[in-house]
Amino acid sequence: MLLASNRSNDAHMVLKQALDSQVTHMNLRAYYTHFLLQPNLYPHALKFVHSSLQINKLDLYATCATAWLHYQLARESRPKDDETMRDRRHKFHKAAEFYEKALNIDPSCAVAAQGIAIMVAEDALGTMSLKPGSGLEDEQTRLKNTREALEVFAKVREVMPDANVYTNMGHCYYMRDEYERAIESYEIGLSKLVDGPNTTILMCLSRAWYSKATRDQSFAAMRTSLQLAQMAQASSPWDKSIRYNIVVIEQRAAEMVFNLGVSKRTMAELREAVDLASHAQRLLYDLSEDNSAGGLPYDRDMAAQRHRYLTTLQRKGAEQVSQQEAHEKEHDAQLQAAREHRMAEKSAAEARELERLEALQREAAALAEERRKAREEAALWAAQHKESSSDEDKPKRKRKEKAATDDMLDDGDQEVISSQAKIPKEKKERKPRVVRRRKGKDTPGGEDGPSSGDEVDKVERPKKRLTKKRVVNDEEEEDGDTRARKKFKSADMIDDSDEELERLDRLEEERKRLVKTVISDDYDDAAQEDVEMS
């Protein structure tokens, strides 16, 4: 409750009283160790966990806490001579020994496994122990160690998939310069937390975004890094190291925008960078003038140098703003001119298109009128031609029809038709014919010689040869039709071919009817003569 209300001193007093009454209570001692770790009081926490190990050497939490504290103190130390360098190397080795001891106590201790994997990834027992901040200058060694560490973290994740595992995997990806995967691992680690955002993970995530922004020269990514650092500052307002990191991010963001060309930035971004530089300058002034006891997590001289640099950068910002304003005015004028030019071209194109469409419509109307006139003239010409051709073909058709009929009749039929046409039919008395008998022939009476005049025999008149209708087979009829069509068709009457065929059919039927009439008349005449002679 006291910690929730930011009453850390009161909480510390209560815990001290509880420890005085319960000296050997290991859970209470573990909680007090955790309490000392929150404000980064690592030296005091290391002394306390050593006293806890004196009470119980097999306490797993105290063993892992001792290893972690040795590692953190060695990692953050800045040796200035050989003695401090040896002390740094000694702390790294002690951290490895305590992690190994924790695994001996509990082989399934995931915390100890993670600690060893971290030390392997950072090469804590190699180049990092010799030079602070160097950590795996050999790229091949760094990639090899981080790959081995990731394999260990993957196995630990199967047993304990908590936020710490994903955070350590993010550290490995960050060391491999795989910032996108590091950001993903850090975000998963944040999502695994139950008590809300963790300051350490937030700062690690901010660092990943900061490196990505520096690599890509992205002001948007730098803005994201700053937002994450501000979130960490809100969760730990007393942490001065976070404040110093915020100053570094703001300074780098301002430098990035100022170094960009006027065409690659906007006035809004430039004004934001100027504001960031002003805010960083005020923070650095407070940090450089901080005389708090207990030490500072940053170099005060470095803070003063940054303050002076930001002062110069801020003066440079005013010049950048004036240059950007002139550029944007010129750019806006060019855009406006280009926009007006484009609108003029668009209007001209629309006018040309409208004119073209109107011309096409006029041409289409003229063409339609020409076609209408042509159709009317063609219809008038066809009607006149049809009338003239019909008047000229009337006598020719009569002669052609008569000739076609004559071709279909034989000689006897023609004689009969002509005789009937010329001589009207009249009944004439025929004189009896005296038949003289030849000598030597017997008479009907049985005597030779001619008969007497009184006994004139009436001899039957020989019958007239009847004309027979000529049978026309299909082939001859087809030939006749073909000849008729050839006779009746001409180049002038091609359009009326169907009417011609119908006319020929009618003529053929008329011819057949005439033939039948003639033949029937012949039979009637012959029959009448037979009756008369009988």
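Author: Helix axes are lines fitted to C-alpha atoms over the stretch in contact, and angles run from 0 to 180 degrees between N-to-C directions. The model discussed below is predicted.

Reader: At what angle do the axes of helix α13 and helix α14 cross?

Author: Two packed helices are described by the angle between their axes and the distance between the axes. Helix α13 covers residues 240-259 and helix α14 covers residues 267-288. Their crossing is left-handed. The two axes come within 8 Å, and the crossing angle is roughly 145°.

Reader: How many nonpolar residues are in the contact of α13 with α14?

Author: On the α13 side, the contact includes I246, V247, A253, A254, V257 and F258. On the α14 side, L270, A273, V274, L276 and L287 are among the residues in contact. The classes in this contact are two polar, three charged and, for the nonpolar residues, 16.

Reader: Is D286 buried or exposed, or partly exposed?

Author: D286 lies in helix α14. Buried would need under 20% relative accessible area and exposed over 50%. D286 has a relative accessible area of 47%, so D286 is partly exposed.

Reader: How are α12 and α13 oriented, parallel or antiparallel?

Author: The axes of α12 and α13 are 10 Å apart, and the packing angle is about 165°. That angle makes the pair roughly antiparallel.

Reader: What is the handedness of the crossing of α12 and α13, and how many charged residues are in their contact?

Author: α12 passes α13 in a left-handed crossing. F219, M222, L226 and A229 are among the α12 residues that meet α13, where I242, R243, I246 and E250 are among the partners. By class, the contact has eleven nonpolar and three polar residues. The values asked for are a left-handed crossing and, for charged residues, three.

Reader: Which residues does S236 touch, leaving out those up to four places away in sequence?

Author: S236 sits in the loop between α12 and α13. With a relative accessible area of 10%, S236 is buried. Beyond four places in sequence, the residues S236 touches are T199 and I242.

Reader: How are α2 and α3 oriented, parallel or antiparallel?

Author: Helix α2 spans residues 26-37 and helix α3 spans residues 42-55. Their axes come within 9 Å and cross at roughly 165°. That makes the orientation of α2 to α3 roughly antiparallel.

Reader: How many charged residues are in the contact of α2 with α3?

Author: The crossing of α2 and α3 is left-handed. From α2, the contact includes M26, R29 and Y32, and from α3 it includes F48, V49 and I55. Nine residues of this contact are nonpolar and four are polar, and the number that is charged is one.

Reader: What is phi of D177, and where does D177 lie?

Author: Most residues other than glycine have a negative phi. D177 is not a glycine, and its phi is positive, near 65°. At 39% relative accessibility, D177 counts as partly exposed. D177 lies in the loop between α9 (163-175) and α10 (179-192).

Reader: What is phi of Q217?

Author: Q217 is found in the loop between α11 (199-216) and α12 (219-235). At 41% relative accessibility, Q217 counts as partly exposed. Q217 is a residue other than glycine with a positive phi, near 55°.

Reader: How many helices and strands does the protein chain have?

Author: The protein chain has 534 residues, of which 32% are buried. Among contacts between residues at least 6 apart in sequence, 60% join residues at least 24 apart. The secondary structure comes to 18 helices and zero strands.

Reader: Over which residues does pLDDT stay under 50?

Author: The mean pLDDT of the protein chain is 76, and 71% of its residues reach 70 or more. Where pLDDT is low, the predicted coordinates should not be read in detail. One stretch under 50 has 19 contacts beyond four places in sequence in the model, and another has four. In that order, the stretches include residues 132-136 and residues 474-478.

Definitions and conventions: Residues numbered from 1 in each chain as written. Predicted model: local features only at pLDDT ≥ 70, side-chain atom pairs only at ≥ 80, totals over all residues. Heavy atoms only, no water. pLDDT = per-residue confidence, 0-100. Contact = heavy atoms within 4.5 Å. Helix = DSSP H or I, 4+ residues; strand = E, 2+ residues; numbered from the N terminus. Parallel < 35°, antiparallel > 145°, perpendicular 65-115°, else oblique. Left-handed = near helix turned anticlockwise from the far one by under 90°. Nonpolar A, V, L, I, M, F, W, Y, C, P; charged D, E, K, R; others polar. Buried < 20%, exposed > 50% of the residue type's maximum accessible area, 1.4 Å probe, protein only.
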